[in-house]
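Please consult the sequence and the structure below.

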Amino acid sequence: MATTDRWQALDFGPPPSNGEEPESPVLVDYLAEGRVALITLNRPHADNAITTEMGARLTEVVETIAVRPAIRVVVLTGAGTKAFSVGSDLRQRKNMTKEDWLRQRQDFDRTLYTVRQLRKPVLAAVNGVAYGGGSELAQSTDFIIASENATFGQPEAMLGLAAGGGSPALLPRLLPPGKAMQMLMTGDPIDAQEAYRLGMVNELHPPGELMDAAKRIAEKIASNSPTAVQAVKRAVRLGEGQPIEQSIAIMMDSHWRSAVHPDRVEGIGAFNEGREPTFQDADF
C-alpha cells in the first residue's frame with residue numbers, strides 16, 4: 001500500500017484501540033460557590049475524541065445545568081494539554097452499520113443543539129487541537145478563548161464527509177466567509193494566532209494560563225445579573241440575521257423585562273452605595 005502525506009497537516013491520528021477508558025468521559029466541577037460549571041471532556045488518551053457514550057453524557061450534563069438556576073455560567077474545555085477534542089471517535093465509527101451511524105448522528109445533533117440552546121452563557125476554553133465535531137462544539141458556544149498552541153480544523157471532506165455538526169452555518173459567522181469555505185473544502189486547519197487575528201477567538205493565553213483566564217471571565221459574568229446576562233444572550237441570538245428594526249424590537253423586549261426586574265433596583269442601589277450587588281438567580 002502506497003504511503004501518503006495526506007494526513008500530515010492534521011495533528012492527530014486514530015485513537016488507540018487499547019487505551020484505558022476513564023470512569024466518566026465527561027467531568028463536571030462547580031466553582032465560584034456553585035455559580036460556574038466547568039465541563040471537561042475527559043478522554044485525553046484519545047485526544048478527547050467523542051464516542052456515543054461521551055456525547056450522551058455531555059447532553060445529560062448540559063440538560064441538568066439548564067434546570068439549575070444557581071448555575072450562571074458554563075466553561076467547556078478538554079482534559080490534558082494536547083486537545084480540546086478531535087471530534088467523533090473514528091475508531092468507534094470504523095465498523096458501524098449505516099443505521100448505527102445515523103443513530104449516533106441523531107444523538108450528536110441533540111448534544112450540539114442542547115449546547116446552542118442553553119440560556120446560560122457558555123464559553124469554550126480551547127486547549128489544543130479542536131477538529132471536526134470538536135471545533136463545531138467550540139463554535140456552538142457563545143465565545144472562544146484559546147491557548148497559544150490551539151488549532152481549529154474541519155477535515156471532514158478529507159474523510160469523504162460533508163461537515164454535519166454546524167460548521168457550514170457557524171464558521172462563516174466567526175470567520176470571513178471565504179476563509180470558512182476554504183477550511184471546509186480543503187480540510188486544512190488554522191492555528192490559534194490566525195483564529196485570533198480573524199476574530200474566531202477572543203483571547204489567547206499560554207497553555208498554563210488558559211484555565212485561570214477562563215475562570216476569571218466566567219466569575220466576572222457570574223457576578224453580574226443572570227437575568228440581564230441571559231436577556232442579552234437571547235436578544236443577540238434571536239436578532240442574528242433579522243432586519244434591523246426586528247432585531248431592535250427583540251432587544252427592547254429583553255431590555256424592558258430587565259428594567260422591571262428586582263436586579264435593576266439592586267444593581268443601581270449597589271452602584272450608588274459603593275458595594276457589591278447581590279443578584280437573584282434567574283427565574284426564567
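## Contact between α5 and α6

Ser167, Pro168, Leu171 and Pro172 in α5 are in contact with Pro177, Ala180, Met183 and Leu184 in α6, where contact means heavy atoms within 4.5 Å. By class, this contact of α5 with α6 comprises seven nonpolar, one polar and no charged residues (nonpolar: Ala, Val, Leu, Ile, Met, Phe, Trp, Tyr, Cys and Pro; charged: Asp, Glu, Lys and Arg; polar: the others, Gly among them).

The model is predicted: local features need pLDDT of at least 70 and side-chain atom pairs pLDDT 80 or more, while totals for chains, interfaces and linings use all residues. Residues are numbered from 1 along each chain as its sequence is written, and side-chain values use heavy atoms, without hydrogens and water.

## Helix geometry

Helix α5 covers residues 167-174 and helix α6 residues 177-186; they pack at an angle of about 140°, with their axes 7 Å apart. Helices are DSSP runs of H or I with at least four residues, and strands are runs of E with at least two, numbered from the N terminus. Axes are lines fitted to C-alpha atoms, for helices over the stretch in contact, and angles run from 0 to 180 degrees between N-to-C directions.

## The largest cavity

About 50 Å³ of space lies in the largest cavity. Its lining consists of Ile39, Leu58, Val62, Val74, Leu76, Val115, Leu118, Val122 and Leu137 (a cavity is a set of points on a 1 Å grid over the protein atoms alone where a 1.4 Å probe fits but cannot get out; lining residues have an atom within 4 Å of a point). The volume is the space filled by probe spheres set on the points, which are joined across faces, edges and corners.

Both α1 (52-66) and β3 (73-78) supply at least two residues each of this lining. The lining of the largest cavity has nine nonpolar, no polar and no charged residues.

Key:
1 Å grid on protein atoms, 1.4 Å probe; cavity = no way out; pocket = protein on both sides within 12 Å on 5 of 7 lines; lining within 4 Å.
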